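This report looks at how side chains are placed inside one protein chain. Have the sequence and the structure open while reading.

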Amino acid sequence: MITTVTLNTALDIIYRAPAFHMDQVHRLPGITVSGGKGINAARVIHTLGESVTATGFVAGYNGQKMQSLLHQEGVRCEFIEVQGETRLAITVLDQQQGTQTELIEQASSYVTPESLILLEQQIEKAARTSAWVLFSGSIPEGCPADLYATLIQIAKAQGAQTALDASGEALRYGLQASPDLVKPNEDEACAWAGIPTADHYSDQTLDDVLTAMLDHGVQMATISLGKHGAIAAQGSTRYRLHVPQLDIVSALGSGDAMAAGMVTAAYRGAELAEMLRYGAACGSACALQPIAGKVDLQDVQHILQHIKITPES
């Protein structure tokens, strides 16, 4: 069993516009799916054929609809309902310009101290029967900044391995609990290390960040580089991964799919190199879809054959 944890869930609405123009009326069919980073990952894990449970916080009508959609897809849910309303996340894909515009509501759910206790109990229960627990995304307002650190420690105490895919304070505090696997993108990783945002980071800079993550007790540190692949470290070994060029439909959720693929491969007993390959194949396959958290297994298998990975000691 794999458990994914999403504290800032969303109900995603995706519109594909042949051509999107400002100050004009567009009448478009929309696709509504359950969303949030860990939920996207859970849907990919389910597609890959592994048993997965999605948990975290949901609220209001949108939260109920989100859970209903997950049930329809066959993804098991064990969410904690809180006050307020799960946010909407609207994405407009302009097919002519190849642009992706996202309108994401501020979270309006309210997490009480009682809800936090229920969450901790849920993570403890899930970790007893889960080989891996994946923590993804941001932390809602009103929650302790070190909530991921607390939850990771709870999961580890029950014998589960833990993965963290987050940014900002969620990443900074979460790393203090030494998760087994961490997978930020290059901007998120460099921001954590106090490096100013840049259009390009040198190989040495990224290697220094990987080393710093390992020094925090992380067993496997990965930095995703989008279309340029990824780099990763475990002990003294470094890996560089290159992905094939693809006709991208949407990058929405590709990082979540990569995390899902890596955790799935680890669950099946793979080492870091194969985890990277499978994760990158899932992330790339997701980019061929308009919906976050969706992959085609044939795409995954095809892309796997064209991924190059090089160990660098």
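**A buried arginine**

Arg43 sits in helix H1, which covers residues 37-47. The model is a predicted one. Is Arg43 buried or exposed? Its relative accessibility is 3%, and buried means under 20%, so Arg43 counts as buried.

The side chain of Arg43 has polar partners. One of its polar atoms lies 2.8 Å from the backbone oxygen of Ser34. The side chains of Arg43 and Glu73 are joined by a polar contact of 3.1 Å. Leaving out residues up to four places away in sequence, the residues that Arg43 touches include Val33, Leu70, Val75, Ile291 and Lys294.

**The nonpolar cores**

In soluble globular proteins, nonpolar side chains tend to be buried together. Here the largest nonpolar core has 51 residues. Phe79, Trp132, Leu181, Leu272, Met275 and Leu276 have the most contacts inside this core. Helix H9 (residues 272-286) gives the most to the core, with 9 residues.

Apart from neighbours within four places in sequence, Leu181 is in contact with residues including Trp132, Leu164, Met220, Val263 and Met275. A second, separate core has 45 residues, among them Val82, Val133, Ala149 and Trp192.

**One aromatic pair**

How many aromatic pairs does the structure hold? There is 1. The ring centres of Phe135 and Tyr148 are 5.8 Å apart and the planes stand at 65°, so the pair is edge-to-face.

Phe135 belongs to strand S9 (residues 132-136) and Tyr148 to helix H4 (residues 147-157). The two are 13 residues apart, and the pair links distant parts of the chain. Both Phe135 and Tyr148 are buried.

Conventions
Residues numbered from 1 in each chain as written. Predicted model: local features only at pLDDT ≥ 70, side-chain atom pairs only at ≥ 80, totals over all residues. Heavy atoms only, no water. Phe/Tyr/Trp six-rings, centres within 6.5 Å; stacked < 30°, edge-to-face > 60°. Helix = DSSP H or I, 4+ residues; strand = E, 2+ residues; numbered from the N terminus. Buried < 20%, exposed > 50% of the residue type's maximum accessible area, 1.4 Å probe, protein only. Core = buried A, V, L, I, M, F, W, Y, C linked by side-chain atoms within 4.5 Å. Contact = heavy atoms within 4.5 Å. Polar contact = N/O pair within 3.5 Å; in protein donor to acceptor, adjacent residues only side chain to side chain.
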